[in-house]
Amino acid sequence: MAAEIRPKRPFRWHIGVFLAPAVLVYTAIMILPLAGTLQLSLFRNIEQHQVFVGLENFRTLFGDPNWSVNFWNALRNNTWFFIIHMLVQNPIGVMLAALLSSPRLRFSAFYRTAIFVPTILSFVIVGFAWKLILSPLWGVAPHLLDLVGLKSLFTPWLGKEEYALTALSLISVWQFVGIPMMLIYAALLSIPEEVIEAAECDGITGMSQFWKIKLPLILPSIGIISILTFVGNFNAFDLIYTAQGALAGPNYSTDILGTFLYRAFFGFQLQVGDPNMGAAIATMMFVIILGGVCVYLFLVQTRLRRYQF
Amino acid sequence: MSTATRSLPRTIGAHAILLTYTAIALFPVILVIMNSFKSRAGIFGAPLTPPTPGTFDLIGYTTVIGQGDFIHYFQNSLVVTVASLFFVLLFGAMAAFALSEYRFRGNSLMGLYLALGIMIPIRLGTVAILQLMVASGLVNTLTALILVYTAQGLPLAIFILSEFMKQVSDDLKNAGRIDGLSEYTIFFRLVLPLVRPSMATVAVFTMIPIWNDLWFPLILAPSEETKTVTLGAQLFLGQFVTNWNAILAALSLAIMPVLILYVIFSRQLIRGITSGAVK
């Protein structure tokens with residue numbers, strides 16, 4: 001940059017102008033309220049006054065059985081929710097993107113458009129539509145299973161404790177598989193033609209070309225997708241809320257951190273809402289998400305850098 | 001590419017997998033829309049067949065249109081989404097340019113600060129946001145939603161866009177500087193057109209959560225005038241839980257405008273991604 005060679009350079013106002021709008025909006029609407037919420041977790045409402053109680057709320061969260069049982073249950077469920085996404089959503093997304101990006105594939109625009117459709121639908125639509133489909137009342141799911149001779153496998157999945165969470169995770173996978181697909185697809189298209197041609201000259205084609213040439217080159221995108229999935233899953237809320245309600249039934253088996261936070265924060269049925277306990281749960285979610293992101297930034301991303309052009 | 005890399009079985013296999021997945025992706029949507037045009041007996045008697053003259057019935061739609069104000073809700077959603085998207089893309093691209101183009105003291109710290117928002121869901125700050133909106137008199141206005149969604153969308157937009165802006169050739173920008181272009185002209189005339197494909201990607205990822213959000217409309221703007229289509233549909237579905245005709249019709253009405261919008265928009269998006277200006 002020419003300006004850096006000169007010993008005295010004028011103050012570069014344009015940097016401030018470029019940054020100011022984003023930084024102002026972001027700080028005022030996001031960072032300050034978040035800090036305010038973290039601060040709330042250290043207070044407790046005693047006789048209409050906010051009193052500083054240190055880590056007392058967290059002691060309640062982990063020590064009081066009324067809270068800790070629910071908290072660990074939600075955390076366990078949330079982890080399973082995430083595992084299913086990583087094992088099902090992302091491999092399917094990568095596979096679809098790899099197929100779509102193969103040269104001269106016909107109808108690829110149609111496939112791409114169609115597979116992305118569920119992603120644009122709101123949780124309200126997805127939750128209700130699947131609730132209707134899986135409902136034993138309507139009978140679409142058992143009828144379809146009957147066509148392939150598997151009718152005996154049908155149970156009301158959303159109503160059974162042991163299946164409900166997995167069923168909801170798969171619904172969420174169904175909805176969001178378009179996002180990894182699109183990101184990987186864009187990454188695959190940005191691989192330079194010369195690299196592919198060089199591979200072909202060396203006789204590497206088809207599947208082995210994908211595994212040996214393309215996959216290493218799109219690893220940074222897979223890293224980004226993984227961390228986006230992690231963050232998205234650990235503050236998920238809407239799908240569970242629309243499909244199973246705030247109580248995350250049956251018997252809390254689909255309770256994840258988001259729904260647990262909602263019940264603590266705003267109260268539900270007989271339980272009175274407690275903003276301070278809600279803030280404590282929000283702080284725990286913050287810590288979990290921060291931990292995952294640090295792992296990504298310092299372990300995963302620095303190692304993947306070298307593959308980039 | 002040489003014909004040696006193509007083979008018939010592989011092509012058929014690829015189409016088979018893609019067709020299967022397309023069917024899985026579209027089946028629930030088609031099922032809901034199809035059954036919304038049927039009578040109650042048709043819905044339960046033969047859910048998998050398209051409406052026939054015998055089962056065709058618009059009772060669901062007449063119930064929904066008699067009850068809800070979906071067109072108005074839809075307008076609200078559209079205003080909120082388009083305005084937030086505009087601000088996210090403009091402010092996000094500007095900040096991404098500043099971070100990726102200039103070296104200044106605190107650059108990486110600023111990048112880290114702005115990236116914080118990718119990992120922290122803005123929802124965790126809801127109580128303080130509500131207090132802020134009450135204090136500034138913005139409760140039950142679309143402005144409140146636009147502000148929140150702009151803040152929510154910015155971090156990811158900046159993160160993705162600055163990755164892409166680093167790939168824009170320095171020679172091009174320096175050539176512009178030698179020709180006497182201001183930094184603003186370089187940004188708006190040279191860099192922005194080159195990152196348009198990534199802008200399209202960011203636009204989609206920003207738009208979806210805004211359009212689908214239930215939480216902030218419920219808390220910040222639940223009044224009849226400012227209800228978004230997602231909130232309207234949720235409340236409506238809650239009321240008509242046993243009226244399957246009305247539910248299916250309401251779901252279809254919520255799906256169809258988005259689908260139409262998406263089909264129009266997706267051409268833009270796909271052209272953006274595949275034009276491959278960023279390499």
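Student: Where does UniProt place the feature "transmembrane region" in chain B?
Tutor: The unreviewed entry puts it at residues 12-34, 78-99, 111-134, 146-165, 186-211 and 244-265 of chain B. Keep in mind that the model itself is predicted.

Student: How much helix is there over residues 12-34 of chain B?
Tutor: That span is 100% helix and 0% strand. Its end C-alpha atoms are 30 Å apart.

Student: And residues 78-99 of chain B, how far apart are the end C-alpha atoms?
Tutor: They lie 31 Å apart. This span is 100% helix and 0% strand.

Student: Where does "domain: ABC transmembrane type-1" sit in chain B?
Tutor: UniProt, again in an unreviewed entry, has that feature at residues 74-265. Over residues 74-265 of chain B, the model is 79% helix and 0% strand. The end C-alpha atoms of that stretch are 17 Å apart.

Student: What does the domain assignment give for chain B?
Tutor: Domain 1 covers 3-59 and domain 2 covers 68-239. The C-alpha centres of these two domains of chain B are 35 Å apart.

Student: What does Pro33(A) touch?
Tutor: Leaving out residues up to four places away in sequence, Pro33(A) touches Gly125(B), Ala128(B), Ile129(B) and Leu132(B).

Student: How far is Pro33(A) from Tyr185(A)?
Tutor: Their C-alpha atoms are separated by 36 Å. Along the chain, the two are 152 residues apart.

Student: New topic. At what angle do α3 and α4 of chain A pack?
Tutor: About 75 degrees, with the axes 5 Å apart. So α3(A) is roughly perpendicular to α4(A).

Student: Which residues make that contact?
Tutor: From α3(A), Thr60(A), Leu61(A), Phe62(A) and Gly63(A). From α4(A), Trp67(A), Ser68(A) and Phe71(A).

Student: How do the residues of that contact divide by class?
Tutor: Between α3(A) and α4(A), there are four nonpolar, three polar and no charged residues.

Key: Residues are numbered from 1 along each chain as its sequence is written. Chains are lettered from A and ligands numbered from 1 in the order in which they are written. This is a predicted model: local features need pLDDT of at least 70, side-chain atom pairs count only at pLDDT 80 or more; totals for chains, interfaces and linings use all residues. Domain bounds come from an automatic or database domain assignment. UniProt positions are given in the numbering used here, feature names are shortened, and annotations may be inferred rather than shown by experiment. Helices (H or I, at least four residues) and strands (E, at least two) are DSSP runs, numbered from the N terminus. Axes are lines fitted to C-alpha atoms, for helices over the stretch in contact, and angles run from 0 to 180 degrees between N-to-C directions. Angles under 35 degrees count as roughly parallel, over 145 as roughly antiparallel, 65 to 115 as roughly perpendicular and the rest as oblique. Two residues are in contact if their C-beta atoms, placed from the backbone, lie within 7 Å. Ala, Val, Leu, Ile, Met, Phe, Trp, Tyr, Cys and Pro count as nonpolar, Asp, Glu, Lys and Arg as charged, and the others, Gly among them, as polar.
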